[in-house]
Amino acid sequence: MPVAVCRDFSTANVLPPLVARRLDRPSRLLAVAAREALAAFGDQFPWERERVGITAGTWNAGTSALLEVLRTVFLASPDEAPPAQFPSTVANAPASQLGILEKLGGPNITFAEKQVGGLRAIAEAGRMLLARRADAVLACGADEADWLNAEGYLRLGALRTDGHPGMVLCEGAAALVLARDPGSQPLAALAGWASAATPAPPYKYPDGPSSVVQACTTAIARAGITPRDIDLVVSMANGIPALDELELTALAQVLGPYRPAAVGASERFGEGAAAGTLRALIAALAAGGATTPAWDPPPHLAGAGFPTATGRARTVLVAALAGGGSALALVFTAV
Amino acid sequence: MPPLYSRRMREAWITGIGLVTALGPDRETTWRRLVAGESGIGPLTLFDPSEFRTSIAAQVDVSGLAIPLLQGLPIRHTSRASRFALAAAAEAMRDAGFQTVEAHPWALVLGGGTAGLFEAEAFVARRLRGGPLVRGLGELVEVPQDAPTDRIAQAFNVTGPRITVTTACSSSTIAVGLAAELVCDGEAPVALAGGTDALCRLTYAGFNSLHAVDTEPAKPYDRRRKGLSLGEGAAVLVVEDASHARARGARPYARVLGYGVTNDAFHMTQPEPSGAAWERTVRAALVDAGVSETDVDYINGHGTATEQNDPAECAAYRRVFGGRLADLPVSSVKGAVGHCLCAAGAIEAAATALAIARAIVPPTSGFAEADPACPVDAVPDKGRSGDIRVALSSSFAFGGNSAVLVLGRAT
């Protein structure tokens, strides 16, 4: 199955074995990613833990636990359904387990929005901070690899196979810490976000780019900048030709003839909610000057004149579009 | 361009309500039977429960559902959960006076639950038994938890922000609160908010495995309680900017004053027993709403009827309301409509809004014998008259995610 699996993943040196053993795989993935994000603060956690929230986006967390319970129900007896597995069937298990592990008592909300979930977690973390529901939020994405999801999208013709273009599903997790008062050295600022939708069936992209255009345009305006201020676009391309076309049309409408640098990322780690958070992470790292993502733009953007990033990008646009037509855009800027 | 997140510049009114529950396929049937103290919990017929420890549930009779047609979509590809959501959304839209079919730049926020899992279970069973891969496409279309949200957007051409919250049993409580926040932030003049969930073998087996389900209909807050009764259904609320509603002459049921959401960081399935964590949620909600505990006249409680949950919930209320709790009606609709999981919060928010608008406190069906561990006025038997200025709708979920909505009279 075309899934980008985290083959070398291990919780060793991060979680005690007894703790790791009781967590499902997406919870383990997220716990490790979150530890890495929180490590920047060292032992002196700068916020009260009751004021630290978690937002998470996921496409499929809980699937493997769900299948384990159903395997017992269908092949053995409903009476033998494993009670320890059942709580892991809920998609909010990774974020909830993270809350328990790190003793974070702020709002803890998981968003299910297919490809958009990872960016949604970041946007809603921003809203949570503005509303003062928390002082800091771990904004995360987590997805797992499982045959049920892969078979479903394979049947829809959405996955990459020999001779057939398509997406590769992402397994993994990513976490960013957003804070109202981030201290003296924040990496970057989440300057604006917006979302819009063009209705379509859950398994299809919409026919036109209007939701992507509206999300990007509004996010840019809310960031207080103009389209020509965008230095870098982190592409949403995932290998599905229809999305390439939508993205190209949308960017032409948002940017006009202007061609900032662009970078393709999904080729590296696949598509999904976690992949969305990873793309946002690239955007934040680039805006913060921590890296210049010099990966080539995807072919449809390169062919349209979007160059490879070569220098510092101070303002970065990252967007996502989900099957069903929901779109979301974020703008990260240098601080 | 609207100002960036200009909080609290607007009021969020509830101007339309749609309900699908085991008590009835619409709002008025559900409300009438709820207030009469009836229960929709009965024999489960959706699938064969003979191998399960229990055999009852609050199952929806789908024969009475009014489902809007989706353009170009065979209805057989629409899951049970989506059908509930579509019926509830259609009723809420009609109730609010929205008849048009043009694109609505509204927000849409739903609590996402099992979505198309009931249908997908047939596919999973076949595959686990070695059946072919090629069958079952239609059964998998709505596996993603946001599929019912997509269906509502598709049916009603909703083009604004579309969000699916999945925090288990508090999902749609948060969805209503977040929808109101979007309206108050100026992101959309109107938001459709709610939740939907359908019974399926996974949740039925799972809650049975936890021994959290009573073999008899649930008895929230009652000394004899032995667990919850699973249910299914949907609720959709039209949450509208008050000025937008006033301009078109819409009448409100209630106003969403605010909400609180926290995590107890305690255990995946058990609530923190002292009530201190849940107390934080209630207090956060009151602060967000700008009201004090003395303003609260009614609590629509979580009231699952499990051994551990009800006392922890009541302990939280005791910590917040002190001695006043004895005189504060606290009722749970779960004895009537079952525990509808990700739809529960929206159903309860709808019941709370109706209670405010109609000055009737709904009863706790199944409650008869008080429990010292749950020292609340649980409103036995039938609904009672009661002037409600401010009410809470309270939810708790797997993973320690609790959420409390604060609703008040819209004036």
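**Strands, helices and contacts**

Reply: This is a predicted model. Start with a pair of strands: E10 (residues 315-321) of chain A and E11 (residues 326-333) of chain A run antiparallel and are joined by seven bridges. At one point along the pair, Ala320(A) stands opposite Leu328(A) in E11(A).

Me: What is the order of the strands in the open sheet?

Reply: The order is E7-E11-E10-E8-E9 in chain A, five strands with mixed pairing. To find the edges, look for strands that pair on one side only; here they are E7 and E9 (261-263) of chain A. Ignoring direction, neighbouring strands are turned by 20° against each other on average.

Me: Which strands does H5(A) lie across?

Reply: H5(A) lies across E7, E10 and E11 of chain A, and runs at about 60° to E11(A). H7(A) also packs on the sheet, where it touches E7, E10 and E11 of chain A. The direction of H7(A) makes about 150° with that of E7(A).

Me: How do I describe two helices that meet, such as H5 and H10 of chain A?

Reply: The axes of H5 (residues 117-130) and H10 (residues 273-287) of chain A come within 6 Å and cross at roughly 55°. H5(A) is therefore oblique to H10(A). Then name the residues that meet: among them are Gly117(A), Gly118(A) and Leu119(A) from H5(A), and Ala273(A), Ala274(A) and Gly276(A) from H10(A). By class, this contact has seven nonpolar, four polar and no charged residues.

Me: What are the domains of chain A, and how many residues does each give to their contact?

Reply: The domain assignment gives domain 1 (3-179) and domain 2 (189-333) of chain A. Their centres, taken over C-alpha atoms, are separated by 23 Å. The contact takes 35 residues from domain 1 and 30 residues from domain 2 of chain A. On the domain 1 side, the largest share, eight residues, comes from H5(A). That side has 21 nonpolar, nine polar and five charged residues.

Me: How many residues of chain A are in contact with chain B?

Reply: An interface can be described by area or by residues. Its size is often given as the accessible area lost when the parts come together. Counting residues here, 62 of chain A are in contact with 60 of chain B. On the chain A side, H3(A) gives the largest share, eight residues. The classes on that side are 34 nonpolar, 16 polar and twelve charged residues.

Conventions
Residues numbered from 1 in each chain as written. Chains lettered and ligands numbered in written order. Predicted model: local features only at pLDDT ≥ 70, side-chain atom pairs only at ≥ 80, totals over all residues. Axes fitted to C-alpha atoms, helices over the stretch in contact; angles between N-to-C directions. Helix = DSSP H or I, 4+ residues; strand = E, 2+ residues; numbered from the N terminus. Parallel < 35°, antiparallel > 145°, perpendicular 65-115°, else oblique. Contact = placed C-beta atoms within 7 Å. Nonpolar A, V, L, I, M, F, W, Y, C, P; charged D, E, K, R; others polar. Domains from an automatic or database assignment. Pairing = 2+ DSSP bridges.
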